[in-house]
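Please work through the following exercises with the sequence and the model side by side.

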Amino acid sequence: MMQRTTSDKLRTTRRHILAAAVAALMVPMVASGGYAQDKKVIRISTPANDAEWQAKGLQKFKEMVEAKAPNIEVQIHLNATLFDQGTEIPAMQRGNLEVGMLSPQDIASYIPEYSVFTAGYLLRDAEHMHSVFDTSDVADEYRQRVKDDVEVVILGTQYLGTRHVILRELQDVKTPADLEGVKMRVPGSDTWQFLGSALGANPTPIAFDEVYLALSTGTVDGLENPIADMIAAKFDEVSEQLVLTGHMVAPLFFAMSSSFWDSLSEEEQAVVAEAVAAQSALVDEGTLATEADGVALLESHGMTVTTPDLDAFRSHVQQQYLDSDYAKEWPEGLLERINAL
Ligand code: KDO
């Protein structure tokens, strides 16, 4: 009798354990409405809007990855709706974001001596930009250091465009002295602010998605941006003049949290890398095409496009950087290596 009771109890206990184990296995399936929870999700955050080449490239990235790796879902969050511009790196470090579209200015906030990559009139064109960040020993060093110190992996570089000065009201601008007193919007970090002062203006930090309003209300007198972004964000509706300073060839990095990258299988990494290359190529091609006929388009919209004294701008801006505290931290010989590429 005693014997039977004990084994009954054991049987009951085993049944309970089994039932609990089955229930535990069932929970994620029920909670996620199927196996969706088993998917790896790549969340991408960017301030870009859907008219930008960047957004079109990201859509291509999503289509390619989801077609070739059905186990991965790509979520694109435009207009800084997931994370504010400039806050993508801490979000990736905390595991709240997988991909941020970063600038060298974002990186310089973590690696001060890499402010050298944020200097005005540094990169000559899109080709030079790709040598510096993709296909040289400088690029290898940069990417390794960023992985080690910032914990993000730069998977690709795309051409955001060449930046120029945009003014809300017509003004005669030949040299940086003519920008004195101009309240110029620049993105939030210190190196961006410095660019605004190096151009001769009074820099003021405003996030990209708030610029249109700031221009239309007169909170700022202008900004500096690439032509393609200017067209996509319709800044020409709320400004009168484009001054072709060409002060910065701007790259944008497709950067992934390194812990997420490491969690992907080799096959998944290959799929992602191929899709990033396609994304970057689409953006480069689209941006260069927009730039080729951008001035004519803006003029047809009623904008006045002027060319300043470029030598005056280049020499003033470069001198500002060379005389700055930033330059004191630049790794010896790096500027020369960048120039030599
Ligand atoms: C901008 O805010 O002016 C900027 O061009 C800075 C870039 O680094 C990048 O963040 C870009 O905005 C956005 O991706 C929108 O194109």
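## Exercise 1: the largest pocket

The largest pocket has a volume of about 420 Å³. A volume here is the space filled by probe spheres set on grid points, which are joined across faces, edges and corners. A pocket is defined on a 1 Å grid over the protein atoms alone as an open set of points with protein on both sides within 12 Å along at least five of seven lines, whereas a cavity is a set of points where a 1.4 Å probe fits but cannot get out; lining residues have an atom within 4 Å of a point. The model is predicted, so that local features need pLDDT of at least 70 and side-chain atom pairs count only at pLDDT 80 or more, while totals for chains, interfaces and linings use all residues. Residues are numbered from 1 along each chain as its sequence is written, and side-chain values use heavy atoms, with hydrogens and water left out.

Task: state which residues lie closest to the centre of the largest pocket, and which helices and strands each supply at least two residues of its lining.

Solution. Step one is to find the centre: of the 30 lining residues, Pro47, Gln85, Ser103, Asp106 and Trp192 are the closest to it. Step two is to assign the lining to elements, where helices (H or I, at least four residues) and strands (E, at least two) are DSSP runs numbered from the N terminus. At least two lining residues each come from α3 (88–93), β3 (99–102), α4 (104–108), β4 and β8 (241–257). Step three is to sort the lining by class, which gives 14 nonpolar, 10 polar and 6 charged residues. In this scheme Ala, Val, Leu, Ile, Met, Phe, Trp, Tyr, Cys and Pro count as nonpolar, Asp, Glu, Lys and Arg as charged, and the others, Gly among them, as polar.

## Exercise 2: the second largest pocket

Task: find which element supplies the largest share of the lining of the second largest pocket.

Solution. Begin with the pocket itself, which has a volume of about 300 Å³ and is lined by 17 residues, with Gly120, Tyr121, Leu122, Gln318 and Asn339 nearest its centre. Next, list the elements that each supply at least two lining residues, namely β8, α12 (310–322) and α14 (334–340). The largest share, 4 residues, comes from α12. By class, the lining divides into 9 nonpolar, 6 polar and 2 charged residues.

## Exercise 3: a buried helix and a buried glycine

Task: decide how many residues of helix α7 are buried, and whether Gly156 is buried or exposed.

Solution. The cut-offs come first: buried means under 20% relative accessible area, exposed over 50%, and partly exposed in between, with a 1.4 Å probe and protein chains only. In α7 (residues 190–198), 7 of the 9 residues are buried, so this helix is largely enclosed by the rest of the structure. The buried residues are Thr191, Trp192, Gln193, Phe194, Leu195, Gly196 and Ala198. After α7 comes Gly200, with a positive phi near 100 degrees.

Gly156, in strand β4 (residues 152–167), counts as buried because its relative accessibility is 6%. Setting aside residues up to four places away in sequence, Gly156 touches Asp134, Arg143, Leu252, Phe253, Phe254, Val276 and Ser280, a contact being heavy atoms within 4.5 Å.
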